[in-house]
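Dear colleague,

I am passing on a structure for you to look at, and my notes on what was found in it follow directly below. Please read them with the coordinates open.

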Amino acid sequence: MSLNVLKPGLLTMLQDRGRFGLGALGIGCAGPMDATAHRLANALVGNDEDAPALEITLVGPRLRFDADTTIALTGAPFDATLDGHAAPMWQPLAIAAGSVLDCGRAQRGARMSLALAGGLRCRRVLGSCASDLNAGLGSALAQGDTLLFVARRTPAPRAVRWSLDPRPWFDADPERPLRLIRGHHHAALDAASQAALYRARFRVAADSNRVGFRLDGARLALAQPLEPVSEPVARGTLQLPPGGQPIALMAEHPVTGGYPRIGQIAGIDLDRLAQRRPGDALRFVEIDLDEAQTRYLAREHELARLQAAIAARLP
Amino acid sequence: MRLATATGIEIEPLGENLLLLRFGTGIDRATNARVHAAAAWLREVEMPGLLDLIPTYATLALHYDATFWAGRDGEPSWRHLAGTLQAVLATPPREATAAGRVIDVPVCYGGEHGIDLAAVATHAALTIEEVVARHSGGDYQVAMLGFAPGFPYLLGLDPALRMPRHAQPRLRVAAGSVAIGGAQTGIYPAELPGGWQLIGRTPLRLFDPARAEPSLLLPGDRVRFRAIDAAEFVRLEQAPA
């Protein structure tokens, strides 16, 4: 059973939760930018949350299915159509053999996840299907590609009358600040920059990508020049290169970095950052790690409950 | 927000899923040896809920599952894990005494393969031959892999060969390029952007995701560079891996 890529869209790629356990070789996790969208799309089609799904960026692909299946779309709202009719998001969606899904364009936000019941087949590289273009692992979809999937064994669900409320899980509002934990080198910023970090209005720069988001706006400076020894960095680490323009590391970030780390974006806000577009505004508000981690665990708990509730409603 | 162990290791959280164990702040063999010893020890202990261990020059990162380490009465996971680590690391792990692997890395120095070699010689006030002799005569050790898959940061560069990076990084550095960045030397495993001084190139393939062991070099390995000429470079490059 297969899915044919009639048009690849701007940047469409396979992702699973990521490539774990190879950091010592300089290999990062990658995985979806909006991890929650990925996990919920899989939940809606009865997959393991780690199953390979498509991450679709700004301009979506056009796909033809050659067999019956069920898909789910989550994340940023796209004006997707299935055989010319609006394709609802945040619910299981039955697909008949021969159908064409045109994912359209993002109406707000930047990234949508598409999961398919049974999961998409993929060639694992170093144990994972996660595309990490920066590391040269995996590749974006191209016109004419064929992705294989496992045919559905259960009968097609009737059109479901429910869908998830996206509000707790999708938020691309650029006016809502992101919570930022002070980084190791925060105190090394000069006084004006320490204040500006939490007061200034930044913008996501045009050359931002899955490796990192460069922030335009206030230039920040250290009180004294500093060249730290390379240390591990994480998704959400806010680095300050010598030019004074902060970089927020994202899914394909290198495992280590040698720039001062002035902040760490709270895990609960990383999906929200992933949905910002180049040009979008960005502000930070301070949170301490204890609170950030408590909220992170609470959110994981809510997500697990939701996943269980979805599983209970699926045939 | 930092804690310390009885043996003077600094424990610092980096976000919700990473804990850094810092053994020092410099680039030196003694500190790096402690990092690798702790990594080996923690692998042996098989701590649960641990997703990855990432050794760097002076720091060992633990990638952990915060859900697994959720503490009692709302204690944040990182504090719970840090407390456990303080106990686990109370006795300093023994440093490896067995000699690590020694990997021979052939390098064609200078020319098109090392376009900054002359500049490094000028900077060091040495002849090109002396730079090659000193660089290929060194006893190096892989302190860490980072920046890109399979990129080794090597300890053991002759201090005379230190040279700052280019102010403006090059957009493309050829795979296999052997380079100097400040007090460090390393090898570009793939075609990458980079600002280090390029002194030569190895025909060896440092990283190949299709290989059973994707990275030629592993943390802790020792490395010896061997100067080769352009003809041998071509011969080795064409030889099957």
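**Chain B, then the domains of chain A**

In chain B, 59% of the contacts (heavy atoms within 4.5 Å) between residues at least 6 apart in sequence join residues at least 24 apart. This is a predicted model, in which local features need pLDDT of at least 70 and side-chain atom pairs count only at pLDDT 80 or more, while totals for chains, interfaces and linings use all residues. Residues are numbered from 1 along each chain as its sequence is written, chains are lettered from A and ligands numbered from 1 in the order in which they are written, and side-chain values use heavy atoms, with hydrogens and water left out.

Chain B holds five helices and 14 strands, taken as DSSP runs (helices H or I of at least four residues, strands E of at least two, numbered from the N terminus). Its C-alpha trace spans about 65 × 40 × 40 Å along the principal axes, and of its 241 residues 51% are buried, where buried means under 20% relative accessible area with a 1.4 Å probe, protein chains only.

In chain A, the domain assignment (automatic or from a database) gives domain 1 (2-170) and domain 2 (178-295). The C-alpha centres of domain 1 and domain 2 of chain A lie 29 Å apart, and the contact between them takes 29 residues from domain 1 and 15 residues from domain 2. About 1,500 Å² is buried between these two domains, with carbon and sulfur atoms giving 46% of that area; buried area here is the accessible area (1.4 Å probe) that two parts lose on being put together, summed over both. On the side of domain 1, Met33(A), Arg111(A) and Asn134(A) supply 37% of the area buried against domain 2, more than any other three residues.

The rule finds one salt bridge across this interface of chain A, a salt bridge being a side-chain nitrogen of Lys or Arg within 4 Å of a carboxyl oxygen of Asp or Glu. As for individual pairs, Glu55(A) forms a salt bridge with Arg210(A), the closest N and O atoms being 2.9 Å apart.

Thr12(A) lies in strand E2 of chain A and is buried, with a relative accessible area of 1%. Not counting residues up to four places away in sequence, Thr12(A) touches Leu54(A), Glu55(A), Ile56(A), Pro61(A), Ala140(A) and Leu141(A).

Methods
Buried means under 20% relative accessible area, exposed over 50%, partly exposed in between (1.4 Å probe, protein chains only).
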